[in-house]
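Keep the viewer open and click along.

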Amino acid sequence: MATKQGSKSRISGLISYSRKPAAKSPSSSTTSSTKHFLENSMDGQSSPASSSARSKPQYFYSESVNLDTERSKENVTVTVRFRPLSPREIRQGEEIAWYADGETIVRNEHNPSIAYAYDRVFGPTTTTRHVYDVAAQHVVNGAMEGINGTIFAYGVTSSGKTHTMHGDQRSPGIIPLAVKDAFSIIQETPNREFLLRVSYLEIYNEIVNDLLNPAGQNLRIREDAQVLAYQLFTVFLYDYTLLFFSVLTSNTDTTILMAITFTFVLIPGYN
Ligand SMILES: Nc1ncnc2c1ncn2[C@@H]1O[C@H](COP(=O)(O)OP(=O)(O)OP(=O)(O)O)[C@@H](O)[C@H]1O
């Protein structure tokens, strides 16, 4: 019998946000994709991927949605990724309590009447490359055209956030895939100039630490459109290799991170 904790910890979520700067798109607005959910709770059980974006238990009622169609209407998409049970979890006899039913529904193994809908649900065999292609690449492409974008992973400890966002050499995460795409687009756009600026921070127990600068601990947050935190280290990226050098040599204990923010700022120039 799966423990509730065991089943919850296999699920992480990805929120993608893409919005044109107000000056360029006065009609654009920040909307969320929560319209596929009902507000009423039947038993008060938490969603398997509950977050601030889904603070209440909500119950599925809609037909499956096409992410591509929805993406054109919505600025925010919420996706869910299941990771496989680890060998240790299998040894301990943990079982799957939540599972992906098709591409948009998460269902409860023990109570079929409980189901939640998301913009997209990725099962345990899905590759990070596929997650990136479906849920993140459009944000990167938009950023290269001047549209502000955020890709945010959330989930309890050991749910797979680092695996999805950071990855490793064998299975690169969303961050290296995004920067690689950014460089490909830069190469394919010789008539424009780009400036790629990177900072990398963690928020752990509400303390902000700079992951590119070991001296940058307990930084103060700034409410500034341009800068996230005081004295946050910024590097200018000239090629893709430098990104790997910066990230892989950073002083990161991923097992204790509550949140990592990796920001790259693109400043397109015009000839
Ligand atoms: N999709 C996946 N496929 C295979 N293994 C995965 C997958 N997602 C995560 N894992 C493995 O599960 C373990 C926990 O994942 P990870 O470290 O990414 O979790 P986390 O959410 O970042 O945890 P924490 O918040 O504690 O840092 C790791 O050993 C990771 O390699």
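Is Gly 160 buried or exposed? Gly 160 is buried, because 20 C-beta neighbours sit inside 10 Å. Bear in mind that this is a predicted model.

## The annotated binding site

The unreviewed UniProt entry carries a "binding site" annotation that takes in Gly 155, Val 156, Thr 157, Ser 158, Ser 159, Gly 160, Lys 161 and Thr 162. Gly 160 belongs to the loop that links strand 9 and helix 6. Skip the residues within four places in sequence, and the contacts of Gly 160 are Ser 12, Arg 81, Arg 83 and Gly 155.

Val 156 is in the loop between strand 9 (148-154) and helix 6 (161-165) as well. Val 156 counts as partly exposed, because it has 14 other C-beta atoms within 10 Å, while being buried takes 20 or more.

## Around the ligand

Now zoom in on the ligand. There are 15 residues around it, and Arg 83, Thr 157, Gly 160, Thr 162 and His 163 come nearest.

What kinds of residue make up the shell around the ligand? By class, there are 11 polar, 2 nonpolar and 2 charged residues. Helix 6 supplies the largest share of the shell, with 3 residues.

## Over to Val 208

Next stop is strand 12 (residues 207-210), which holds Val 208. From Val 208 to His 163 is 45 residues in sequence and 21 Å in space, C-alpha to C-alpha.

Val 208 is buried, because 20 other C-beta atoms lie within 10 Å. Leaving out residues up to four places away in sequence, Val 208 touches Leu 201, Ile 203, Asn 218, Leu 219, Ile 221 and Ala 229.

In soluble globular proteins, nonpolar side chains tend to be buried together. In this model, the largest nonpolar core runs to 40 residues, and the ones with the most contacts inside it are Val 106, Tyr 118, Ala 136, Ile 174 and Ala 178. Helix 7 (residues 174-188) is the top contributor to this core, giving 6 residues. Domain 1 (1-188) and domain 2 (190-271) both give residues to this core, so it lies between them.

Take Ile 174 for a closer look. Not counting residues up to four places away in sequence, Ile 174 touches Tyr 132, Ala 136, Ile 151, Thr 164 and Met 165. Of these, Ala 136 is another of the core residues with the most contacts.

Methods:
Residues numbered from 1 in each chain as written. Predicted model: local features only at pLDDT ≥ 70, side-chain atom pairs only at ≥ 80, totals over all residues. UniProt positions renumbered as here; feature names shortened; annotations may be inferred. Helix = DSSP H or I, 4+ residues; strand = E, 2+ residues; numbered from the N terminus. Buried ≥ 20, exposed ≤ 12 C-beta atoms within 10 Å, placed from the backbone. Contact = placed C-beta atoms within 7 Å. Near = placed C-beta within 6 Å. Nonpolar A, V, L, I, M, F, W, Y, C, P; charged D, E, K, R; others polar. Core = buried A, V, L, I, M, F, W, Y, C linked by C-beta atoms within 7 Å. Domains from an automatic or database assignment.
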